[in-house]
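Try each task on your own before you read its solution.

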Amino acid sequence: MSTNNLSYNEQGGGAEPAVELGQESTPTASGSTAAAGLFSTDFKKNEDLKEMLESNKESLKLEAMKRIVGLIAKGKNASELFPAVVKNVASKNIELKKLVYVYLVRYAEEQQDLALLSISTFQRALKDPNQLIRASALRVLSSIRVPIIVPIMMLAIKEAATDLSPYVRKTAAHAIQKLYSLDPEQKEHLIEVIDKLLKDKSTLVAGSVVMAFEEVCPDRIDLIHKNYRKLCNLLVDVEEWGQVVIITMLTRYARTQFLSPWREDALFDENSEKAFYDSDVEKEKADSKPYMMDPDHRLLLRNTKPLLQSRNTAVVMAVAQLYWHLAPKQEVSIVTKSLVRLLRSHREVQYIVLQNIATMSIQRKGMFEPFLKSFYVRSTDATHIKTLKLEILTNLATEANISTILREFQTYVKSQDKQFAATTIQAIGRCATNISEITDTCLNGLVLLLSNRDETVVAECVVVIKKLLQTQPSQHSDIIKHMAKLLDNITVPMARASILWLIGEYCERVPKIAPDVLRKVAKSFTSEEDIVKLQTLNLAAKLYLTNSKQTKLLTQYILNLGKYDQNYDIRDRTRFLRQLIVPNEKSGALSKYAKRILLASKPAPVLESAFKDRDRFQLGTLSHTLNAKASGYLELSDWPTVAPDQSVRNVEVKEWAPSLGKPKATKSDDKFYSDSGEEEEQEEEASESGSSGSSSSSSEEESSSGSGGRTSCRLCCLLSPVFVPPKSHELLHRMSGKGLAVSYHFPRQPCAYSHRMVSVQLTLTNGRDQPLEDICVGEAGPPGIAIHRFATIERLQPEASITVSMGIDFNDSTQAANFQLCTKTDQFSVSIQPAVGELLMPVTMTEQDFLKEQGQLTGMNESSVTITIAPDSMSSQPVGRKVVSVANMGVVPSSQNSIHRFAAKTVSSGSLVLSSVVLQEASTAKLVVNTEKTVLGSVLLRELKTALSQG
Amino acid sequence: MIHSLFLVNSSGDIFLEKHWKSVVSRSVCDYFFEAQERASEPENVPPVIPTPHHYLISVLRHRIYFVAVIQSEVPPLFVIEFLHRVVDTFQDYFGVCTEAAIKDNVVVVYELLEEMLDNGFPLATESNILKELIKPPTILRTVVNTITGSTNVGEQLPTGQLSVVPWRRTGVKYTNNEAYFDVVEEIDAIIDKSGSTITAEIQGVIDACVKLSGMPDLTLSFMNPRLLDDVSFHPCVRFKRWEAERILSFIPPDGNFRLLSYHVSSQNLVAIPVYVKHNITFREGSSQGRFELTLGPKQTMGKAVESVLVSSQLPRGVLNVNLNPSQGTYTFDPVTKLLSWDVGKINPQKLPSLKGSMSLQAGASKPDENPTINIQFKIQQMAISGLKVNRLDMYGEKYKPFKGIKYMTKAGKVPEGRRDEAALP
C-alpha cells in the first residue's frame with residue numbers, strides 16, 4: 001500500500017493524500033494503484049535512504065533523516081523506512097534524535113508494533129538529569145498514539161507532574177490532553193493529575209494545565225475554587241498563550257460564581273437601550289438592594305486590565321470579552337481603545353475584531369461612537385473588512401452623527417467596487433429605517449441614485465426603496481411613478497420584481513400607470529426570470545381586483561401563460577390566483593375575501609443587523625465568528641440568581657504565601673524604624689527595578705488587600721546565627737594611628753540600632769603611653785551608607801583596650817563604609833570593607849519552601865558554578881561549617897545527603913539569598929546561589945567557591 | 001488546539017504540511033481552494049472557513065497562505081496571532097519568508113514548528129529561546145556542521161524558558177555595547193477633494209536594536225509622555241512603572257524587537273506635512289481628459305520630504321495617459337489602470353508636478369467618480385507628533401553603552417487617500 005500511496009501523492013495539489021489514519025481510515029488504495037507506475041523513478045532516488053540510515057556514520061544518518069523529513073513535509077509517505085529509522089532513536093546526536101522523534105510521532109500510529117521498540121529508550125530518558133531531555137522524552141512518548149502504552153504514559157505523566165523542573169511539569173500538562181484523546185477512560189486518573197498541577201505555583205505550568213482542564217474536565221469547576229486567586233495573581237506573568245486560555249476559563253468560572261453586576265441596568269435594558277447613558281441609575285439603586293461586588297470578582301477584573309496593553313492580539317481580545325461578559329456596564333468601555341488599536345494589526349486580526357465590535361456595537365453604541373472615524377472604509381480594505389465596517393457604522397448611527405455617516409456613505413456609493421457600493425445602499429436603507437428623521441432624506445438620495453449608470457447600484461436602490469416605502473405609510477406616488485419608468489431599462493430580476501411588487505401594492509395610488517406596466521410585462525412575460533414572473537402574477541391579480549375593467553383581459557392572458565410555465569411554482573401560483581380571484585361556480589368562500597387577502601396591509605420588513613443575535617455566543621470564540629456552535633464550544637452560563645458560597649475560594653493559610661522577595665511584615669517594620677520615609681521609598685524602588693518580577697509582586701500586594709480571605713504568612717523565620725570564631729580585621733594600625741590600634745569583627749548578631757544595619761564590633765587599643773581622649777566617629781560616607789556611631793569614648797588609658805559596637809547599613813553592597821576616627825588631637829580615615837557573607841542574616845525554612853523560592857529565583861537571579869571540593873569535606877559537616885564560616889547563613893534541612901541547602905536574608909533589604917551545594921561524584925560539587933540581588937549573589941558565589949575548594 | 005498546518009502558495013499548491021496530532025488528510029484544503037476561487041482578490045479569502053469536520057483558519061503573508069486546521073472551539077485570534085508569529089519567526093531565521101526559503105530550509109522549519117507547538121498548544125514562541133534551541137542557519141555554520149558533524153540543535157533547556165525574563169538569554173556578551181531606538185511614526189489620513197481632512201491619525205512604534213552585555217536594566221523616559229494615548233508593550237516593559245510614572249522600564253531582549261507601539265490621541269490636530277493640488281477633468285463626449293497634479297510640503301519643520309510616491313487608480317474608461325513629470329518618473333498600467341509616479345524628494349523651491357492628458361475610450365461616457373490619490377513619503381529626523389525621548393539610563397551593568405535615537409515619519413502602511421480627488425496618506 002505504501003508504494004501506491006507515494007505515487008498518488010506525487011500528483012500533489014489538492015489531491016487527497018492516501019495516508020489515512022486511525023479513525024479516519026478509508027481505503028483509498030483503489031485510487032492509487034493506477035498511478036503506481038509514476039512513482040517508481042522517485043522511489044529509486046530514495047532507495048539509498050535505508051542504506052544511509054544503517055551506515056555507521058552519523059553524518060550520513062543525519063543526511064538521510066533530513067531528506068526523510070523533507071518527504072514528510074511534502075506529505076509523501078515514508079513509512080516503509082520505519083524499522084531503519086526507529087533504530088536511531090537512542091542516537092547520541094541530538095539533532096538526529098529529534099528528527100527521529102518527528103518521524104516517530106508521524107508514523108507510530110501506523111506501525112504500532114515497531115513503535116513499541118522505542119518505548120524503553122524514552123522510559124530511560126525520563127530519568128535523565130537534563131530537564132530538556134526528560135521533557136522531550138515525555139513529549140514524544142505521549143505523542144505516540146499507540147493504545148497499548150497507555151499505562152506507561154499514565155505512569156510517566158504522574159511522575160512528571162511532580163518533577164522539580166517546571167518545564168517538565170508543563171510538558172506533563174500537555175501530555176494529559178494527549179492521553180485523554182487517546183484513551184478517554186483515563187479521565188478520572190487524569191483529573192487527579194490536573195488537580196495536582198492546578199496547585200502548581202509556576203507561571204510556566206499555569207497556562208498548560210488550564211488548557212488540559214478545559215479539554216478534559218471543563219465542568220469540574222470545583223477544582224478551580226482553591227486556585228482561583230492564585231491564577232488571578234499569576235496571570236500577568238504567565239506566558240501570553242496561557243493568558244488567553246486562563247482568561248477564557250475564568251470568564252466561564254466567574255459567570256457561575258458571582259452575582260450579576262448588571263442588575264440595576266437590566267431593568268433599563270428592557271425599556272430602552274439608551275437609558276444606560278442617562279445618569280438616573282442612581283434613583284433606581286435606592287429601591288433595590290445595594291449590590292456589592294464580590295472581592296474576587298473585582299480581583300479578576302483588576303488583574304486582567306493591564307493585559308489590555310499586551311502586544312498579543314489574542315490576549316487583548318480575551319480581556320475585552322472578559323470585561324464584556326463580567327464587568328459592570330459602566331466599566332466595559334475601557335476596552336474600546338484597545339480593540340480599536342487592534343484594527344491596525346493584520347487583516348485577519350481586523351476581521352475577527354470587527355466582528356466582535358459589530359456584536360458589541362448593537363448593544364452599546366456609546367462604546368464605539370467616539371471612534372466612528374476608525375471604522376471609515378479604506379479603498380485598500382478587503383471586501384469582508386469593508387462589509388464589517390459598514391455594518392458597524394450602521395450600528396453606530398444616531399440622530400447626532402447620521403449626517404456624517406451619510407456623507408461618508410455617499411463616497412462609498414461612488415466606489416469602483418460595485419458590490420461594495422450595493423452593500424452601502426443596503427446600509428443606507430437600514431439607517432433610514434432606524435432613524436425616522438432621515439428617512440425622507442435617504443429616500444431622496446436613493447432616488448437620485450436610480451439614475452446611476454451602474455445597474456447593480458440601481459437594482460440595489462430599487463430593492464431598498466421598496467423596503468423603505470413599505471415602512472413609511474406613504475404619499476410617495478412620485479417615487480413609484482419614477483420607478484415604473486425605470487422598469488424599461490432595468491434588467492436585474494430582483495429589482496424588476498421589487499418594482500412590480502411596489503406598483504401592485506400601491507396600485508390605487510398610481511391608477512393610471514399600473515395597468516400600463518402590466519401591459520408591458522405581459523409582453524415580456526415568457527422571457528422573464530421566475531421571481532419576476534411571480535410578481536407579475538401578483539400584480540395582475542391585484543389589479544384585477546381593483547381595476548378589473550382595464551385589466552381583465554391582460555390578467556387572463558398572463559394567467560394563461562403562467563398555467564403552462566415550466567416552473568411548477570409559477571404554475572401553482574397561477575392556479576391558486578385564478579381560483580381566488582376569478583369568480584366561478586366552484587370557487588368557495590375564499591374568493592369573497594380575495595381582496596382582503598391580497599391587499600392586506602403588510603407589516604414592514606425589519607431591517608436589522610446580521611449580528612443581532614450573535615451575542616448568544618461568548619465573544620471572541622470561533623462559534624461567534626461562524627455564528628454557529630462549533631464543536632467543543634462551552635456555553636457561558638447565566639449569572640446565578642443566588643450568590644454561591646464565597647468561602648470556597650478561601651485558601652488555608654499555609655497554602656498561599658506571597659513570595660519572599662519583599663516580605664510585607666519587614667517592610668512595615670522598616671517604616672517604623674527608619675529615620676526618614678523618603679529613603680525608604682527609594683530603597684523600595686531600587687529593589688523593584690532590580691527584580692524583574694516587580695509588576696507581579698506589587699500587584700500581588702495590592703490584591704491581597706482586596707481579597708479579604710487571604711492571610712499572608714512568612715514562611716521563614718529568623719535564626720540565631722551559627723557560632724563561628726570571630727575573625728578579626730585590622731582597621732587602623734598602631735603605627736599609622738599614632739598609637740591607636742583598632743580592629744573590628746562582625747559578631748553576627750542582629751544590630752540593636754536598626755535591623756537594617758550590620759553590627760560591627762570595634763576593639764580600640766591605646767598603644768601610647770598617654771591616655772587618648774574623646775575618641776569618636778567623625779564624618780562618614782559614601783552617601784548610600786548609614787552609620788550608627790558609637791558613643792564618644794572620653795578617655796582610654798595607655799595599654800588599655802575597649803570594645804564598642806556600631807551599626808552600619810551597607811545597603812546590601814560590598815562597598816566599603818568610610819569614616820573618620822577622631823581623637824582629641826588627630827583624625828584618621830578608615831574604612832570597613834564588609835565580606836559579603838556578613839551582609840546576611842540566617843533564616844530557616846522547610847525544604848519545600850526552599851525549593852519553591854528557589855524556583856522563583858531562577859534565570860538572571862541564579863548563578864552557579866561547578867567546583868572541586870577537597871575530599872575531606874565531602875561529608876555534610878565540613879561543607880556546612882565552611883559555608884557558615886564564610887557567610888552568615890542558616891542551614892535548611894535536606895532530605896538528601898548529597899545536597900546541602902542554606903538560606904539567609906540580606907540585612908538591609910531583607911531579600912532572600914539561597915544557596916545550595918550539590919555534591920557529585922569525583923569530589924566535584926555544584927554550587928548554586930539564588931537571589932534577587934544579583935551582584936551580591938555572584939560575589940557570594942565566588943567566596944563560597946574559594947572556601948569550599950580549599951582543603 | 002491547532003491540529004495541522006498547510007502552507008499553500010499563490011498557485012494553489014500545498015508545499016508543506018505539518019501535523020501535531022493525528023494526520024488530517026490534505027483533502028481538507030479543498031474547502032480552502034473553493035473559497036480561494038470564489039474570492040476576487042487573494043486578500044478576500046475569508047480567514048475562517050468552516051468545513052464539515054474541521055475549521056480552517058488562514059493568514060496570507062508574503063503571498064503564502066498559512067492554513068491551520070482546527071477541530072474544536074478555540075479563539076480564532078489565538079490561531080491567527082500564532083500563525084503570524086510563525087511567519088515572523090521564519091522571517092527572522094531565513095531573512096525572507098518565501099516558498100523557496102521555506103523549501104530550502106525544510107528541516108529547520110520542521111524543527112521550529114516542532115518546538116513552537118506541542119499537541120497544538122504554543123510551547124516556545126519567543127525568538128531568543130528558539131534560537132538557543134535551534135540555531136539559525138548561516139553559511140558558515142552549515143560548512144562547519146558538515147565538517148565537524150555538530151548540529152544546529154541545542155542540548156540544554158534555554159535558561160530563558162524557565163526564568164522570569166523568557167525573552168532574554170543569559171550570558172550575552174558584546175565588545176561594543178550599543179542600544180539604538182527608532183521612533184517611527186505613520187500618518188493615516190483621508191482628505192477630501194477640497195483639501196480638508198476627514199480623518200487623520202498618527203500611530204507610532206519604537207523599534208529597538210539593543211546589543212548590550214549581561215543583564216542590563218534600561219529605563220527610557222519621554223519629554224511628553226502625555227501624547228501617547230494608547231500603548232501596547234513588549235512583555236519586557238514593566239506595566240506598573242508605566243502606569244505610575246510614565247517611564248518605560250525594562251530588561252531588553254537581545255537584538256531587534258518592537259518595544260512599544262502607540263497611538264497619538266486623536267484630539268490633537270494632525271498637521272499633514274504634504275499637500276496636493278490637482279485638476280483632473282473629463283469632458284462629456286470628448287475622448288480627452290486633463291490631468292494636473294502638484295505636490296508641495298507644509299509643516300515639515302524644515303525637514304525634507306523624501307521618497308515620495310504617488311499612485312492613483314484611474315477610472316476604467318481611461319485608455320492611456322500622456323503625462324509630463326517635472327521630476328521623477330511615472331508609469332501607467334493600461335490593464336489595471338494604475339498610475340504611479342515616483343517623485344523622490346520634494347524641493348520646496350521647485351514643486352514637483354505631473355501634467356498632461358488622458359485618452360479615454362471613444363464613446364464611453366464620462367466616468368462618474370474621480371480617482372483617489374495615494375501618497376507615500378518619508379521624513380527623516382522628525383516625529384510628526386512631536387514625541388521626544390528624554391533620556392535613556394542603564395542600571396545593573398557597569399559599562400557605558402553607546403546610545404542612539406532616530407526619528408522618522410512616514411505615510412501609513414495602508415496609504416490611504418481617497419475621496420473624490422486628492423487624498424493624502
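This is a predicted model: local features need pLDDT of at least 70, side-chain atom pairs count only at pLDDT 80 or more; totals for chains, interfaces and linings use all residues.

**Exercise 1. Across the strands**

- Step 1. Strand β3 of chain A covers residues 740-745, and three bridges join it to β2 of chain A, residues 729-732. These two strands run antiparallel.
- Step 2. Turn to β4 of chain A, residues 758-766: six bridges pair it with β3(A), again in the antiparallel sense.

**Exercise 2. Aromatic pairs**

Task: How are the rings of F617(A) and Y633(A) arranged, stacked, tilted or edge-to-face?

Solution: 
- Step 1. Begin with the total: over all chains, the structure holds 22 aromatic pairs.
- Step 2. For F617(A) and Y633(A), the centres are 5.5 Å apart and the planes make an angle of 80°. Planes over 60 degrees apart count as edge-to-face, and this pair is edge-to-face.
- Step 3. Ask what the pair ties together. F617(A) lies in the loop between α35 and α36 of chain A, and Y633(A) in the loop between α36 and α37 of chain A, so the pair links parts that are 16 residues apart in sequence.

**Exercise 3. Charges over rings**

Task: Over which rings do K329(A) and K386(A) sit?

Solution: 
- Step 1. K329(A) lies over the face of W262(A), 4.3 Å from the ring centre.
- Step 2. The charged end of K386(A) is over the ring of F420(A), at 5.0 Å from its centre.

**Exercise 4. Where the chains meet**

Task: How many residues does each chain bring to the contact, and which three residues of chain B supply more of its buried area than any other three?

Solution: 
- Step 1. Chain A brings 108 residues and chain B brings 106 residues.
- Step 2. Between them, the two chains bury about 9,700 Å², with 56% of this area on carbon and sulfur atoms.
- Step 3. In chain B, the three residues are E73(B), L77(B) and F121(B), which supply 8% of the area that chain B buries against chain A.
- Step 4. Look again at F121(B): ring pairs link it into a cluster with W241(A), F78(B) and F82(B).

**Exercise 5. A residue in a loop**

Task: Is R220(A) buried, partly exposed or exposed?

Solution: 
- Step 1. Locate R220(A) in the loop between α13 (203-216) and α14 (222-225) of chain A.
- Step 2. Buried means under 20% relative accessible area and exposed means over 50%. R220(A) has 28%, so it is partly exposed.
- Step 3. Leaving out residues up to four places away in sequence, R220(A) touches I191(A) and F213(A).

**Exercise 6. Chain B as a whole**

Task: How many helices and strands does chain B have?

Solution: 
- Step 1. Chain B has eight helices and 23 strands.
- Step 2. Of its 425 residues, 59% count as buried.
- Step 3. The accessible surface of chain B is about 17,100 Å², and carbon and sulfur atoms account for 50% of that.

Technical notes:
Residues are numbered from 1 along each chain as its sequence is written. Chains are lettered from A and ligands numbered from 1 in the order in which they are written. Side-chain values use heavy atoms; hydrogens and water are left out. Two strands pair if DSSP finds at least two bridges between them. Helices (H or I, at least four residues) and strands (E, at least two) are DSSP runs, numbered from the N terminus. Buried means under 20% relative accessible area, exposed over 50%, partly exposed in between (1.4 Å probe, protein chains only). Accessible areas come from the Shrake-Rupley method with a 1.4 Å probe; for residues, only the protein chains shown count as cover. Rings of Phe, Tyr and Trp (its six-membered ring) pair if their centres lie within 6.5 Å; planes under 30 degrees apart count as stacked, over 60 as edge-to-face and the rest as tilted. A charge sits over a ring if NZ of Lys or CZ of Arg is within 6 Å of the ring centre and within 35 degrees of the ring normal. Contact means heavy atoms within 4.5 Å. Buried area is the accessible area (1.4 Å probe) that two parts lose on being put together, summed over both.
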